[in-house]
Amino acid sequence: MNGSLSTELIPGRQARDWRQRWIEIQEHLKRLHAPHSEPMSAASIQNANHDLQSFFVQAYHLKDSLKQDAGTTGVPGTTIEDAITADSHLSLLADLANLDKHGKWDPRKTPRSGDIPTWDVSGVSDDDAGWRLSLKIRHKGKTHDGLNFAGEAVSAWERYLRRWGLIG
């Protein structure tokens, strides 16, 4: 007699409120910093770059969840948008997310950070530990490491979430 068994697991807490998105952003950041164990190739580098670019989009769009939950958090949407514009990390994050979304800069729009960022991507061997993505972001005459910038963007969000009394 041939038989099979199928199971289904339904995880709890499926809400996509700002709290859940904040948790997912922090977990995604940890995964980005882990060395890659698969062989380094053009395809694996592009996949890692796609993952980092997706992180930028998700981290920037925390703002949408915060704005949706403004009625319960007491933080108005204008306060959130003003924080993004005023903070150099969050405004650059906005521009990186929009570049990923649209593929190129719309010349009719002004970059939120004041300058259109550009970048180069490569893979860098870490000897026996595997390899890591190197994303060099050029912005306003400076070069930023993409993985470090991802952490700085999360830190910027954390500062505002604390200031607004949303996290301890």
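Predicted model: local features only at pLDDT ≥ 70, side-chain atom pairs only at ≥ 80, totals over all residues.

Me: How many helices and strands does the protein chain come to?
Reply: There are 7 helices and 3 strands.

Me: What box do the C-alpha atoms fill?
Reply: Roughly 65 × 40 × 30 Å, taken along the principal axes.

Me: OK, helix packing. At what angle do α1 and α7 pack?
Reply: About 155°, with their axes 10 Å apart. Helix α1 covers residues 18-33 and helix α7 covers residues 146-163. Axes are lines fitted to C-alpha atoms, for helices over the stretch in contact, and angles run from 0 to 180 degrees between N-to-C directions.

Me: Which word describes how α1 and α7 lie to each other?
Reply: Roughly antiparallel, therefore. Angles under 35 degrees count as roughly parallel, over 145 as roughly antiparallel, 65 to 115 as roughly perpendicular and the rest as oblique.

Me: Which residues make that contact?
Reply: From α1, W18, W22, I25, L29, L32 and H33. From α7, L147, A150, G151, V154, W157, E158 and L161. Contact means heavy atoms within 4.5 Å.

Me: And by class?
Reply: The contact of α1 with α7 has 10 nonpolar, 2 polar and 1 charged residues. Ala, Val, Leu, Ile, Met, Phe, Trp, Tyr, Cys and Pro count as nonpolar, Asp, Glu, Lys and Arg as charged, and the others, Gly among them, as polar.

Me: What about α6 and α7?
Reply: Their axes come within 9 Å and cross at roughly 125°. That makes α6 oblique to α7. H89, L90, L92, L93 and L96 of α6 touch F149, E152, A153, A156, W157, R159 and Y160 of α7. That contact of α6 with α7 has 9 nonpolar, 1 polar and 2 charged residues.

Me: Where does α2 come in?
Reply: Helix α2 (residues 42-60) packs with helix α6 (residues 88-102) at about 120°, axes 8 Å apart. That makes α2 oblique to α6. Q53, F56, V57, A59 and Y60 in α2 meet L93, A94, L96, A97 and D100 in α6.

Me: Switching topic. What volume does the largest pocket have?
Reply: About 200 Å³. A volume is the space filled by probe spheres set on grid points, which are joined across faces, edges and corners. On a 1 Å grid over the protein atoms alone, a cavity is a set of points where a 1.4 Å probe fits but cannot get out, and a pocket is an open set with protein on both sides within 12 Å along at least five of seven lines; lining residues have an atom within 4 Å of a point.

Me: Which residues line the largest pocket?
Reply: Among them are Y60, A94, D95, N98, H102 and W105. Helix α6 gives the most, with 4 residues. By class, the lining has 4 nonpolar, 3 polar and 5 charged residues.

Terms used: Residues numbered from 1 in each chain as written. Heavy atoms only, no water. Helix = DSSP H or I, 4+ residues; strand = E, 2+ residues; numbered from the N terminus.
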